[in-house]
Amino acid sequence: MLSLSLNQLPQPSALETFHGHREIVWSVVFLPNGKEVVSSSSDGTIRLWNLDGESGIILERYNGAVFCLALLPDGRRLASGGLDRSVNIWDLDAQMVVDGPWKGHASSVRYVDVSSDCRYLASGSFDHNVNLWDTESGQIVGDQACLKGDKEINCVKFSRKGYKLLTGSGNGCLHIWDWESGKLLVGPMKADETPIWAVAWSLDETRILSGSSDGTLRRWHAVTGHAVDEPVNAHESIIYSLSLSHNGCCLASASSDHTVKIWNATTFEQLAILTHRDEVNCIAFSTDDRLLASACSDSLVYVWELPQASLDSGLAIDKGCEASSHDLLRD
């Protein structure tokens, strides 16, 4: 197993730093071409940035914060949600809202995600509910909010197969739902009362990953709901975002401790650290996994070129541990 001390870990500098937002940047997504990034902020704007150095194009100004973004699978439409309690769908080529606002929450929309077939959108809110939307009609699936929680919903994530939805909430609970029927499949999974702010599925969907307010990174069995291995004390404070690389080998975690850390997704071996000047609220890998974008509370958007050695180490460790990991998951 690869073992690096903190001083040996790669600590690269940002490849690009985008100035333009005036307040906290909450969300960031990479577009499939790997040359454009979209971000949203408490200043009420959504901005489109080009890695060639062009100024950030303002798509819209809202009266309140835009907390979350999700790219639709077609790569040219974008969903947004925020303080105004609504969800909007954007056409990035036309740079305008083409559907919405979809209204159905009683409080801010904290997180949005889109199913892999592009037919449905899930929105998690501080009103304790998850709404499921038909992306064609803009209507809530069913007569009311599909899934009701006991606390605010901080994160939602569709499985790639589409019929499962993972949710993380303010009371430290994780649930996996069959969202079409509203049936709870797995959960509640809970280690303590610490709020869950970030979740991710493993590439094969046999595991789920969670990040908590205490800086703890955990892995769970997606069928039994049991914890897999011991938790990792990954950060000194809140983990706000998790992003799995497209090849499934590396995991990035973003924290209020001003750092992003890159991990091997199987072993949780730390591979690199990206140091920021303020809290990091969201991260996203580029399609080729060579770049990482980060949204920061200092009002800036950063793009980082990940160290090739770290990516290669993550892939090598992952291949070496794959068989033993799968054996563990079958236990």
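**Contacts, Spaces and Salt Bridges in a Predicted Model**

Visitor: Which residues does L242 touch, not counting residues up to four places away in sequence?

Guide: In this predicted model, L242 lies in strand β22. Apart from residues up to four places away in sequence, L242 touches A198, V199, A200, L209, S210, G211, L217, L251, A252, S253 and I283.

Visitor: Is L242 buried or exposed?

Guide: A residue counts as buried when its relative accessible area is under 20%. The relative accessible area of L242 is 9%. L242 therefore falls under that cut-off and is buried.

Visitor: How far apart in space are L242 and N281, C-alpha to C-alpha?

Guide: Along the sequence, L242 and N281 are 39 residues apart. In space, the distance between their C-alpha atoms is 9.8 Å.

Visitor: How many strands does the protein have?

Guide: The chain has 331 residues, and buried residues make up 58% of them. Its secondary structure includes 1 helix. The number of strands is 28.

Visitor: Which strands each supply at least two residues of the lining of the largest pocket?

Guide: The largest pocket holds about 1200 Å³ of space. Its lining has 47 residues, and those nearest its centre are L71, D113, K157, S243 and H246. At least two lining residues each come from β2 (25–30), β6 (66–71), β10 (109–114), β14 (153–158), β18 (196–201), β22 (239–244) and β26 (280–285).

Visitor: How many nonpolar residues are in the lining of the largest pocket?

Guide: The lining of the largest pocket divides by class into nonpolar, polar and charged residues. There are 12 polar and 4 charged residues. The number of nonpolar residues is 31.

Visitor: Which residues line the largest cavity?

Guide: The structure holds 1 cavity of 30 Å³ or more. The space in the largest cavity is about 40 Å³. By class, its lining has 3 nonpolar, 3 polar and 2 charged residues. The lining residues are G172, A191, D192, T194, I196, S212, R218 and W220.

Visitor: How many residues apart in sequence are the parts that the pair R218 and D192 ties together?

Guide: R218 and D192 form a salt bridge, with 3.9 Å between the closest N and O atoms. R218 lies in strand β20 (residues 216–221), whereas D192 is in the loop between β17 (183–190) and β18, so the parts tied together are separated in sequence by 26 residues.

Visitor: Is R218 buried or exposed?

Guide: The cut-off for a buried residue is a relative accessible area under 20%. For R218 the relative accessible area is 14%. R218, by contrast, is buried.

Visitor: Which residues are linked with E36 in a network of salt bridges?

Guide: The structure holds 9 salt bridges. One of them joins E36 and R76, whose closest N and O atoms are 3.7 Å apart. This pair links distant parts of the chain, with E36 in strand β3 (residues 36–41) and R76 in the loop between β6 and β7 (77–82), 40 residues apart. The network links E36 with R76 and D93.

Visitor: What is the N to O distance in the salt bridge of R77 and D74?

Guide: R77 counts as partly exposed, at 25% relative accessibility. D74 is also partly exposed, with a relative accessible area of 41%. Their side chains meet in a salt bridge with an N to O distance of 2.6 Å.

Visitor: What separates the C-alpha atoms of V37 and N50?

Guide: V37 is found in strand β3 and is buried, with a relative accessible area of 0%. Beyond its neighbours within four places in sequence, its contacts include V28, W49 and V303. V37 and N50 are 13 residues apart along the chain, and their C-alpha atoms are separated by 6.6 Å.

Terms used. Residues numbered from 1 in each chain as written. Predicted model: local features only at pLDDT ≥ 70, side-chain atom pairs only at ≥ 80, totals over all residues. Heavy atoms only, no water. Helix = DSSP H or I, 4+ residues; strand = E, 2+ residues; numbered from the N terminus. Buried < 20%, exposed > 50% of the residue type's maximum accessible area, 1.4 Å probe, protein only. 1 Å grid on protein atoms, 1.4 Å probe; cavity = no way out; pocket = protein on both sides within 12 Å on 5 of 7 lines; lining within 4 Å. Points joined across faces, edges and corners; volume = space filled by probe spheres on them. Nonpolar A, V, L, I, M, F, W, Y, C, P; charged D, E, K, R; others polar. Contact = heavy atoms within 4.5 Å. Salt bridge = Lys/Arg side-chain N within 4 Å of Asp/Glu carboxyl O.
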